[in-house]
Amino acid sequence: MTEAVETPASVLALTEALLACPSVTPATGAVFDCLEGQLAPLGFHVHRFLAGEAPDGPVENLFAIRKGPEGSRHFAYAGHLDVVPPGEGWSSAPFAPEVRGELLYGRGAVDMKGSIAAMVAAAAQIPADAGTISFIITGDEEGPARFGTLALIDHMRAVGEIPDLCLVGEPTSVHRLGDMMKIGRRGSVNIWLEVEGVQGHVAYPHLADNPIPRLVAMLAELDALVLDEGTDWFQSSNLEVTDLTVGNVATNVIPARASARISIRFNDLHTGESLSARVAEIAERHGGTARPVISGEAFLTEPGAFSAMLAEAIRAETGVEPELSTSGGTSDARFLKDLSPVIEFGLSNATMHKRDEAVAIPDLEVLVRIFRRVTEAALAKG
């Protein structure tokens, strides 16, 4: 094999450079310039493009690929450069990375610019003729996510670059680096409920039709549902009421309508469509309507060769036996699972989305070694 292309920058320097680029969702411009500048010298062909229109677009995306020999395997890294708003009260400026002790502070340090920097550093240590490596990076994972990874998948299919395996660098570790990887996620559907009534004076209820009791009865039936008891790999599905609105400022008026919103996180015993239909039937019986928005379906990457490769890399570098989990919220793995087998693994999630988000610098260095090991194993397989 030929020698790997070396990057002159450490993973710390790579992370600091990305953190110094403000990239509140949707991220565009400078942070993508920065990542392109890190990948191009390593031999990656970088394609950047905008997708979508207002209100949820346009979104900037990046697909970078360094092709190996004809017929070699293709391993993909995936992630996002956008971050949530930093909020107030930081000990240091959220987009001016600062090292204090063994910690590097900055918005996105763990979610997930640190992981992306570790992927770049790992790729720099792998010979170009070991196989094909790609980066699937969006600027909109924290927001609506309509024109991010979905558009990247469309692009990859259009150019015929489908990976054999995909690793998403979300912060999955809980108590220490390596203790958890995600082999699946529950699905998510939000449903807007509405009941129409007839407005009238509270002293003349026979001339009006109050929608609130019907909505309350509907919500009581929905809240009482036991969707399932969980499965071998998934916790039980849950339905939560997340909003209840009447908007009636008058004390002597029966309102014309009442509305609510529910959110269902569901396992692979259900689909977003089947749950939407079940809720719609209940809503209709109570004289209401239901409008669902399905954010993603439940999926599972069955434990096997891929999870074993990653677990071995984690054990070799940390001595930790990772838990295979499907817990937590949604991620863009819900889209990428349609492209190839996908697993999520990354830094500790203790400070993600919090004030003073920070990553342990030694964890960044270990993560590079884990990513390098699993990438080498994935490219060598078969």
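Me: Hi! How much space lies in the largest pocket?
Reply: About 540 Å³ lies in the largest pocket, and bear in mind that this is a predicted model.

Me: Which residues are closest to its centre?
Reply: Of the 31 residues that line the largest pocket, Glu141, Gly329, Thr330, Ser331 and Arg334 are the closest to its centre.

Me: And which elements give two or more residues to the lining?
Reply: Those are strand S10 (187-196), strand S15 (288-296) and helix H8 (333-336). S15 gives the most, with three residues.

Me: How do the lining residues divide into nonpolar, polar and charged?
Reply: Eight are nonpolar, 13 are polar and ten are charged.

Me: New topic: how many aromatic pairs does the count come to?
Reply: The count is five aromatic pairs. In one of them, phenylalanine 44 and phenylalanine 135 have ring centres 5.3 Å apart and planes at 80°, so the pair is edge-to-face.

Me: Where do phenylalanine 44 and phenylalanine 135 lie?
Reply: Phenylalanine 44 is in the loop between helix H2 (30-39) and strand S1 (45-51), and phenylalanine 135 is in strand S6 (residues 132-138), so the pair ties together parts 91 residues apart in sequence.

Me: Is phenylalanine 44 buried or exposed?
Reply: Phenylalanine 44 is buried, because its relative accessibility of 5% is under 20%.

Me: Which residues do ring pairs link into a cluster?
Reply: Phe44, Phe75, Tyr77, Phe135, Phe306 and Phe371.

Me: Last one: what does the side chain of serine 92 make a polar contact with?
Reply: The side chain of arginine 100, at 3.4 Å. Serine 92 lies in the loop between strand S3 (74-80) and strand S4 (98-100).

Note on methods:
Residues are numbered from 1 along each chain as its sequence is written. This is a predicted model: local features need pLDDT of at least 70, side-chain atom pairs count only at pLDDT 80 or more; totals for chains, interfaces and linings use all residues. Side-chain values use heavy atoms; hydrogens and water are left out. Helices (H or I, at least four residues) and strands (E, at least two) are DSSP runs, numbered from the N terminus. A polar contact is a pair of N or O atoms within 3.5 Å; within protein, one must be able to donate a hydrogen and the other to accept it, and residues adjacent in sequence count only if both atoms are side-chain atoms. On a 1 Å grid over the protein atoms alone, a cavity is a set of points where a 1.4 Å probe fits but cannot get out, and a pocket is an open set with protein on both sides within 12 Å along at least five of seven lines; lining residues have an atom within 4 Å of a point. Grid points are joined across faces, edges and corners, and a volume is the space filled by probe spheres set on the points. Ala, Val, Leu, Ile, Met, Phe, Trp, Tyr, Cys and Pro count as nonpolar, Asp, Glu, Lys and Arg as charged, and the others, Gly among them, as polar. Rings of Phe, Tyr and Trp (its six-membered ring) pair if their centres lie within 6.5 Å; planes under 30 degrees apart count as stacked, over 60 as edge-to-face and the rest as tilted. Buried means under 20% relative accessible area, exposed over 50%, partly exposed in between (1.4 Å probe, protein chains only).
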